[in-house]
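Visitor: I have a model open and would like to learn how to read it. Can we go feature by feature?

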Amino acid sequence: MNTTEKVIFEQFPFWEKAIGSISAPHDAELTVFLGCGTSYNLALSLATYANRAGYPAIAVPGAEWLNRPSAFWPRWQKAHLVALSRSGETTETVAAAKASRKAGVFVTAITVEPDSSLAKNCDRLIEAPTHSDEGIVMTVSASLMLLLGMQMVGMEISPSIIRSARLLADQLDKALPGIIAGRSHFVFLGSGSLYGIALEGALKLMEMSQSMTQGFHPLEYRHGPISLVDENTAVIMLYSADQKDAEALLVDELRQKGATVIGFGGPGDLELPVDCDPALAGLCLLPALQILGERAAQSKGVDTVSPRHLTKVVML
Ligand code: F1P
């Protein structure tokens, strides 16, 4: 077992410590969740949770908010900025936090590093103590930042999510070898809060295994991207509670075109039940998607401890 795999399976005690109450978001007309890479994918999901909880929110990549905040909201100085960054040193994220604060924006930082530049340039720090062996690929820290952000918008996370997430990762791991053998193109589909999670599954597998991946809203996939589907394709469908029938029809269509399908919470060549409150499904799915990336890498003989061209922090 390499350290990436070890850290994925050893993440649950950190969840246990992170589950608890966190004060509600700063009162603002709009909350902007911001990050780069994985942290941006988490921001996308968190914005949907915040909206559902009654806090109007959007998600913006770090460089976009830094360079053109008014393109996202004309009264951007009135926003509450929630900057997510494992390292707390990613150039665009730190610069966006600094520039926003200077303009009077209240900045909350969610980070693993309490002594980082981001932590020093925020009004409120939410710390995510993580596994000390976590390497370049972000796994446990991603789960923790999502969990803490969900709590920040008032979502209650029952400790039973840990059992469900662990079970799902184990079930996937056992069934995987036959399912993804020979597949080189991976498509992750998810809607609503699962869209950011689908993008994260796609990014993780791409980073870990150097494979071509895509992430889309399920029904968007029919509008062009479907042209790439063939016998090399594996589709990972993250079924939503409110759109399942349409997603199942899409799965039929993709299977007819040669794809093999892993269905989380619905039909597929491999069907895995997601045994948790549907509102928490994104969090529950993350460890399974991380394991999927690791196994895809192993099947290609790629080492995820030092992935090609990647560093733990991207600084300009
Ligand atoms: C985020 C990030 C990762 C990516 C890569 C570089 O960093 O972009 O998502 O996988 O390893 O860093 P951070 O701002 O969360 O530290």
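Visitor: Is Leu270 buried, partly exposed or exposed, and why?

Guide: This is a predicted model, so keep that in mind throughout. To judge burial, count the other C-beta atoms within 10 Å: 20 or more means buried, 12 or fewer means exposed, and in between is partly exposed. Leu270 has 19 C-beta neighbours inside 10 Å, so Leu270 counts as partly exposed.

Visitor: Where is Leu270 found, and which residues does Leu270 touch?

Guide: Leu270 is in strand β10, residues 270-272. Leaving out residues up to four places away in sequence, Leu270 touches Ala175, Ile179, Ile262 and Gly263. For scale, take Ser70: Leu270 and Ser70 are 200 residues apart in sequence, and their C-alpha atoms are 45 Å apart in space.

Visitor: How many helices and strands does the protein have?

Guide: Eleven helices and ten strands. Next, look at overall size. The radius of gyration is 19 Å, close to the 20 Å that the globule rule gives for 316 residues, so the protein is as compact as a globular protein of that length. The C-alpha trace spans about 55 × 40 × 40 Å along its principal axes. Buried residues make up 53% of the 316 residues.

Visitor: What share of the contacts join residues at least 24 apart?

Guide: Take contacts between residues at least 6 apart in sequence. Of these, 74% join residues at least 24 apart.

Visitor: Into which domains is the protein divided?

Guide: Domain 1 covers 3-152 and domain 2 covers 160-300. Their C-alpha centres lie 24 Å apart. The contact takes 22 residues from domain 1 and 19 residues from domain 2.

Visitor: Which elements of domain 1 give two or more residues to the side that touches domain 2?

Guide: They are α1 (3-9), α2 (12-18), α3 (38-52) and α7 (140-152). Helix α3 gives the most, with seven residues. Sort that side of domain 1 by class and you get eleven nonpolar, nine polar and two charged residues.

Visitor: How many residues has the largest nonpolar core, and which have the most contacts inside it?

Guide: The largest nonpolar core has 105 residues. Those with the most contacts inside it are Phe33, Leu34, Ala43, Ala83, Leu238, Cys284 and Leu285. Helix α11 (residues 281-300) supplies the largest share, eleven residues. Both domain 1 and domain 2 give residues to this core, so it lies between them.

Visitor: Which residues does Leu34 touch?

Guide: Not counting residues up to four places away in sequence, Leu34 touches several, among them Ala43, Val60, Trp65, Leu81, Ala83 and Ala96.

Visitor: How many residues surround the ligand, and which are the closest?

Guide: 16 residues surround the ligand. The closest are Gly37, Thr38, Ser85, Ser87 and Thr90. By class, the shell has six nonpolar, seven polar and three charged residues.

Visitor: How should I read phi?

Guide: Most residues other than glycine have a negative phi. Gln210 has a phi near 50°. Gln210 sits in the loop between α9 (193-209) and β7 (212-216). With 14 other C-beta atoms within 10 Å, Gln210 is partly exposed.

Visitor: And what is the phi of His309?

Guide: About 65°, a positive value although His309 is not a glycine. His309 is in the segment after α11. His309 has 6 C-beta neighbours inside 10 Å, so His309 counts as exposed.

Notes: Residues are numbered from 1 along each chain as its sequence is written. This is a predicted model: local features need pLDDT of at least 70, side-chain atom pairs count only at pLDDT 80 or more; totals for chains, interfaces and linings use all residues. Domain bounds come from an automatic or database domain assignment. Two residues are in contact if their C-beta atoms, placed from the backbone, lie within 7 Å. Helices (H or I, at least four residues) and strands (E, at least two) are DSSP runs, numbered from the N terminus. Ala, Val, Leu, Ile, Met, Phe, Trp, Tyr, Cys and Pro count as nonpolar, Asp, Glu, Lys and Arg as charged, and the others, Gly among them, as polar. A residue is near a molecule or strand if its C-beta atom, placed from the backbone, lies within 6 Å of it. A nonpolar core is a set of buried Ala, Val, Leu, Ile, Met, Phe, Trp, Tyr and Cys residues joined through C-beta atoms within 7 Å. The radius of gyration is taken over C-alpha atoms; the globule rule is 2.2 Å times the number of residues to the power 0.38.
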